[in-house]
Amino acid sequence: MKRLKAVAASVMVCTMLFSFTGCSSFKVIDDEDIFFDALEKTVNVDKDDTLHEKDFDINGDKAEYLIFDVEGDNYYTYIRFKDEDDALDFFDQINQDFDDILDDKEFEGSHSSSMTKTRGYLVFDGEVEGENSMHFYHMNQRFFEDTEIFGGVYVNKNVYIEVYSTNGSKRDKEKVTKLLKELGFPKP
């Protein structure tokens, strides 16, 4: 009987560990068509409605492909850098901005993050107090008033992705959640 309990406990621990590690794992989307297809399928954004370019510089770093779209309060960004380090540096900047906001106790809500040598994510669902900023792709988002943010920022190898809403409605948040689910990314 004791042996059966020990085996059952071991199985439960392994299952829990597998589920935790599975939550932080997500695939590299190194083909922009996968992102385009997910946008069209989940939030009804056609490729022709997005800003998309090949081979450009962003903050002095070389990028192979960019997709950017704003739909009301929702922002969708895909950047495939030439160099993994550039993608990780871009992610690290926004992660540092968010850490500063947390250190100053100017975020109320839930959040989680993970970072390895090649992959990271930051998901958030809450409110940032005014007079803070985060370094999103489209601009250095300065929050002059209390702002609700919902979504996430992701990096895997040389691909950087933002999917989030600012002061979005329930419907806006549903769109963000649908797209993240379609991509297989952690959700807030």
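Okay, let's start with Tyr160: it is buried, with a relative accessible area of 0%. Keep in mind that this is a predicted model.

Which residue does the ring of Tyr160 pair with? That would be Phe90: the ring centres sit 4.7 Å apart and the planes are at 85°, so we call this pair edge-to-face. That angle is past the cut-off, since edge-to-face means over 60 degrees. What I like here is where the two come from. Phe90 belongs to helix 3, residues 84–103, while Tyr160 is in strand 9, residues 159–166, so to speak 70 residues apart and linking distant parts of the chain. Phe90 counts as buried too, at 7% relative accessibility.

Next, Phe98 and Phe107. Their ring centres are 5.0 Å apart with the planes at 65°, so that pair is edge-to-face as well. Both Phe98 and Phe107 are buried. Searching the whole structure turns up 10 aromatic pairs, and there is also an aromatic cluster made of Tyr75, Phe136 and Tyr164.

Seven strands make up an open sheet, and going across you read 1-2-3-9-8-5-4, with antiparallel pairing. Which strands are at the edges? Strand 1 (51–58) and strand 4 (107–115), each of which pairs on one side only. On average, neighbouring strands are turned by 10° against each other, if you ignore direction.

Zooming in on one pairing, strand 2 (residues 61–71) and strand 3 (residues 74–81) run antiparallel to each other over eight bridges. One detail there: Glu71 has Asn74, in strand 3, as its bridge partner. Then helix 2, residues 32–43, packs on the sheet, where it touches strand 1, strand 2, strand 3 and strand 9. The direction of helix 2 makes about 170° with that of strand 3.

In soluble globular proteins, nonpolar side chains tend to be buried together. In this model, the largest nonpolar core has 27 residues, and our friend Tyr160 is among those with the most contacts inside it, along with Ile79, Phe81, Phe124, Met134, Phe136 and Ile149. Several elements supply at least two residues each, including strand 5 (119–128), strand 8 (147–156) and strand 9. Which element gives the most? Helix 3, with seven residues.

And there is another core, lying apart from that one, with 24 residues; Ile67, Tyr78, Tyr121 and Val176 are among them.

That's it from me, thanks.

How values were computed:
Residues numbered from 1 in each chain as written. Predicted model: local features only at pLDDT ≥ 70, side-chain atom pairs only at ≥ 80, totals over all residues. Heavy atoms only, no water. Phe/Tyr/Trp six-rings, centres within 6.5 Å; stacked < 30°, edge-to-face > 60°. Helix = DSSP H or I, 4+ residues; strand = E, 2+ residues; numbered from the N terminus. Buried < 20%, exposed > 50% of the residue type's maximum accessible area, 1.4 Å probe, protein only. Pairing = 2+ DSSP bridges. Axes fitted to C-alpha atoms, helices over the stretch in contact; angles between N-to-C directions. Contact = heavy atoms within 4.5 Å. Core = buried A, V, L, I, M, F, W, Y, C linked by side-chain atoms within 4.5 Å.
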